[in-house]
Every structure is written in structure tokens, then in C-alpha cells.
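Visitor: I have the sequence and the model open. Can you walk me through a few parts of it?

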Amino acid sequence: MDFKLRYFRYPYAIYKKRALLEKSQWFDKQYHKDNQLLLLKKLLSHSYAHVPYYRNMFKALGLTPADVDVPEKLSLLPLLTKDDVRNNFKELIADNAALFDPVLSRSGGTTGTALEFYIDKVTNVMEFATVWRHWNWAGYRFGDRFCDLRGRIIRGDNPIQYDWRLNALFLSSYRMTRSVIGKYAQKLRAFKPTILRGYPSAIDIFARLLREQGINDIRPRAVITSSETLLAHQRANLQEVFGCTVYDTYGLEERSVAAGQCPHGNLHFDDEYGIMRVIDNGVDVDNGNEGELVCTGLHSYAMPLINYRTNDLGTISTEKCPCGRGLSVARSVTGRVEDMIITPDGRYVAGSGLSVAFKHSMGIRLSQIVQENIDEMTIKIVRAPTYTKHDETTLLANLRDRVGNVIRINMEFVNDIPLTKAGKLKFVVSGVKPDVR
């Protein structure tokens with residue numbers, strides 16, 4: 001989830017949606033159930049009429065959209081995987097997609113596997129408005145200063161960039177070394193951001209390096225984390241070093257779901273955005289039981305993603321949060337937990353920031369970065385039939401932008417990459433641990 005300048009193409013639509021979300025967060029659960037059902041019926045009817053993939057699917061199952069008359073009956077439909085999207089890309093595009101002002105987008109994914117998809121104007125508006133709402137919960141008001149410590153490539157000698165249009169200070173997580181910490185702190189001290197935002201692993205290391213250098217006067221109003229699972233020890237460290245509350249967020253580049261943490265500490269799914277199911281072995285599980293999160297974005301008409309597998313785990317509670325919001329409460333969400341890459345020239349590079357390097361190499365089916373010593377890293381690649389030399393050269397160039405030119409990069413082509421005991425693919429595996437407490 002992000003504030004991006006291209007979303008400003010629709011300022012009036014964003015303002016209207018934000019005003020609606022400000023009110024609807026306080027509506028009761030029944031309102032959100034009714035609203036989801038209304039949006040789902042419209043989406044399914046559209047998909048049946050205009051999207052070949054879903055029309056063929058319904059016919060093969062002997063169903064029509066009318067058979068899915070409550071969100072729970074989404075279980076009648078098969079799950080949609082990332083491989084399904086890749087293999088049926090054209091069939092998933094609506095024949096009237098142009099009506100929805102779609103933009104082609106790419107994601108490096110949680111496994112370093114490129115994925116293409118279309119995002120509608122309305123979906124981008126919803127994304128902006130929900131991020132805005134999450135940040136409001138942390139005390140941010142639109143126009144306030146914020147600092148972003150994530151995967152931004154900044155050219156030249158200065159690893160710091162200011163964008164006056166967003167009133168934002170960008171600190172490159174790819175250039176984070178001991179030698180730049182003082183410069184980062186100096187800029188933050190002068191900038192005084194309301195929000196400090198970053199990958200959990202990157203901002204955790206940043207906080208540890210600040211403490212190592214005796215810097216204890218960086219005091220934003222809140223820290224917001226995204227793109228990785230926020231671990232308990234990371235939250236505790238950030239709260240101690242920055243002296244403020246940490247607010248976690250969750251979302252997908254595919255714009256099918258979003259969630260943010262309220263001041264009472266609960267993570268709320270944005271029920272106006274999409275429908276979230278929790279399944280275990282293909283069956284929906286009850287309140288409080290963990291399973292895979294499966295989502296249906298309710299505003300994507302150019303390329304609908306229905307029953308889309310997130311590959312993340314979580315639980316949903318039926319209890320109402322003390323904050324008073326009627327939005328669903330996520331008892332837990334477990335996404336990516338990655339190691340860092342540490343380079344010979346002292347960079348600490350978060351795994352989440354590296355997955356972006358893969359998004360233009362469409363011929364890579366699966367990948368994993370392995371670092372066994374500080375001088376080199378190995379990229380394990382499972383090639384798709386469409387793999388070409390261009391995928392490799394593009395990937396190497398993108399990785400160099402992020403890890404620099406000192407570390408050696410090896411390529412190893414494999415038939416498969418084993419999953420963890422939890423059934424997930426760990427994208428970055430490193431035996432080189434950060435030498436900072």
C-alpha cells in the first residue's frame with residue numbers, strides 16, 4: 001500500500017471515497033456484510049458477462065452468479081492462484097476493460113516471481129483512501145510531513161530525497177550503512193516527520209544503528225510498518241527507540257485486500273475494499289482458527305481476482321474492537337518473514353526491497369536468494385518455458401541497483417525450491433547475521 005503521485009489523477013474521486021470511509025468505519029458489522037453482498041453480486045454478474053475465464057468457469061461448474069447469493073457461497077468457486085493468473089492472463093481481462101481506465105501493473109511477489117495484472121481507476125482510488133484512513137488512525141493528517149524508509153532507488157551520492165509534492169522525505173533502505181546513519185538522523189531531526197514508515201526489518205535495523213551511535217532524539221508521532229510481518233521484538237525495539245506507537249498495515253499489490261491497525265492495537269480489514277476468507281484444506285474455518293487468507297477484491301472490473309490465494313496465513317475474529325469500528329478484526333496475519341542481505345560495503349538490505357528487482361523478469365517461475373557469507377549471494381532460479389537471457393540481464397541490473405557492485409552475485413538454475421515447514425517459500429535465506437544489537 002502506498003501514496004503514489006499517479007493516484008492524484010482522481011482528486012475528487014479520492015476525496016469522495018475518503019469522506020465515505022470516514023463514516024463507514026463506524027457502521028455496524030451488518031452494514032458491512034450487506035454492502036459486501038451488494039458489491040459481490042455486481043462483480044460476479046459483470047465477470048460472468050464480460051470475463052471469459054469466469055464465464056467458462058461458471059458454465060463448467062453448472063452455476064450462475066445467482067447461485068452465489070451470499071459471500072459464504074464463494075466456497076462454491078475454485079481458488080485462483082498466481083499461476084492461474086499467469087497462465088490465463090488474457091482470459092481474465094474483461095472485454096470492456098477500457099471502461100475502467102485500467103493500468104498494467106507488476107509485482108515481484110513474495111517469492112521473487114513476477115506477476116502482471118490490471119488495476120482499475122476505482123481500485124486505485126480505494127487504495128489511496130484506505131491508506132489515508134490507516135494513516136489517520138496513527139495521527140497523520142493529509143499534508144503532514146512523513147518519512148519513508150523503504151525500497152526506493154536514489155541515484156547519485158546522496159541517499160536522501162525530498163519530494164515537495166508529497167511533503168515526504170525518502171531515505172533509501174538500499175543505501176543504509178553505518179556511515180549514513182548520522183546523515184539520516186540529521187535530516188530527520190530537521191524535518192520532524194509526523195510519520196516514519198518502513199519495512200519492519202529495515203526500520204528495525206535503522207533503530208538499532210541509531211541506538212548503537214547514541215542517537216535518541218528522533219521522535220515521530222508514530223511508526224507505520226508494511227510489506228513484511230512485524231515481529232514482536234521488532235515492535236518493542238521500535239517503540240523503545242522512537243518513543244511512539246507502532247501501527248502495522250497489510251495489503252497486496254494486486255489490490256484485493258487492505259488492513260490497518262487502529263489505536264487499540266487491533267488490525268482491521270477494510271471490509272469496503274474486499275471480502276476475506278480464511279480456509280484450511282479448502283474449507284472455511286471458524287472464528288479464531290488459523291488458515292490461508294483468500295480474498296476477493298470488490299472494485300476490480302478490468303481484471304477481477306475472485307477467491308484469490310494470498311499465500312499468507314491469518315485468523316479473523318467476530319469480536320468487536322473496543323475502538324468502536326464495525327470493521328472485521330484480524331486476530332493475526334502472517335505474511336513474509338525474510339532475512340536481510342548484508343553486503344561487504346556495509347549495506348543492510350531488506351528482503352522485501354529485493355523482491356521488486358524480479359518484477360520485470362517474467363520468465364522466472366520461482367526464485368530464492370541465499371547468502372552464506374558476506375562476499376557473495378546466490379540466486380536460485382526455477383525457469384519458466386518463456387525464460388530468456390533478457391530475464392537474467394534485467395534481474396542482475398535491478399539487483400545491482402539495490403545491493404551495489406561489491407558483493408558477488410551467482411546464478412543457480414534449479415528444478416524446484418523447497419518450502420518451509422509452514423508450507424511457505426522463504427525468499428531470502430541468509431547465514432550472515434546483522435552485527436548490531
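**Helices, strands and one lysine**

Guide: Start with α1 and α5, which are oblique to each other. Keep in mind that this is a predicted model.

Visitor: At what angle do the axes of α1 and α5 cross?

Guide: They cross at roughly 50°. The axes of α1, residues 11-24, and α5, residues 121-137, come within 9 Å. Angles from 65 to 115 degrees would count as roughly perpendicular and those under 35 as roughly parallel, so α1 and α5 are oblique.

Visitor: Left-handed or right-handed crossing?

Guide: Right-handed, as α1 passes α5.

Visitor: Which residues make the contact?

Guide: From α1 they are Ala-13, Ile-14, Lys-17, Arg-18, Leu-21 and Ser-24. From α5 they are Val-125, Met-126, Phe-128, Ala-129, Thr-130, Trp-132, Arg-133 and Asn-136.

Visitor: And by class, how many are nonpolar, polar and charged?

Guide: The contact of α1 with α5 has eight nonpolar residues, three polar and three charged.

Visitor: Switching to strands. How do β1 and β2 pair, parallel or antiparallel?

Guide: Antiparallel, over five bridges. β1 covers residues 103-107, and β2 covers residues 115-119.

Visitor: Which residue in β2 does Arg-106 stand opposite?

Guide: Glu-116.

Visitor: How many residues of β2 are buried?

Guide: Four of its five, so the cut-off matters here: buried means under 20% relative accessible area. β2 is mostly covered.

Visitor: Now the sheet with β18. What is the strand order?

Guide: The order is β20-β19-β18-β21, in an open sheet of four strands with mixed pairing. β20 and β21 are the edge strands, each pairing on one side only. From one strand to the next, the twist averages 20°.

Visitor: What packs on that sheet?

Guide: Helix α10, residues 389-403, which touches β18, β19 and β20. The direction of α10 makes about 145° with that of β20.

Visitor: Which partners could I click on in β21?

Guide: Val-370 has Val-429 as its bridge partner in β21, and Gln-371 stands opposite Ser-430 in β21. Over in β19, Arg-383 is opposite Ile-364.

Visitor: How many residues sit between β18 and β19?

Guide: Two, and the strands form a hairpin.

Visitor: How much of β18 is buried?

Guide: Seven of its 10 residues are buried, and the strand is mostly covered.

Visitor: Last topic, Lys-424. Where is it found?

Guide: In the loop between β20, residues 408-413, and β21, residues 428-430.

Visitor: Buried or exposed?

Guide: Lys-424 is buried, because its relative accessible area of 18% falls under the 20% cut-off.

Visitor: What does Lys-424 touch?

Guide: Leaving out residues up to four places away in sequence, Lys-424 touches Asn-311, Asp-312, Thr-334, Gly-335 and Leu-419.

Visitor: What separates the C-alpha atoms of Lys-424 and Tyr-301?

Guide: A distance of 30 Å, with the two residues 123 apart along the chain.

Key:
Residues numbered from 1 in each chain as written. Predicted model: local features only at pLDDT ≥ 70, side-chain atom pairs only at ≥ 80, totals over all residues. Heavy atoms only, no water. Axes fitted to C-alpha atoms, helices over the stretch in contact; angles between N-to-C directions. Parallel < 35°, antiparallel > 145°, perpendicular 65-115°, else oblique. Left-handed = near helix turned anticlockwise from the far one by under 90°. Contact = heavy atoms within 4.5 Å. Nonpolar A, V, L, I, M, F, W, Y, C, P; charged D, E, K, R; others polar. Buried < 20%, exposed > 50% of the residue type's maximum accessible area, 1.4 Å probe, protein only. Pairing = 2+ DSSP bridges.
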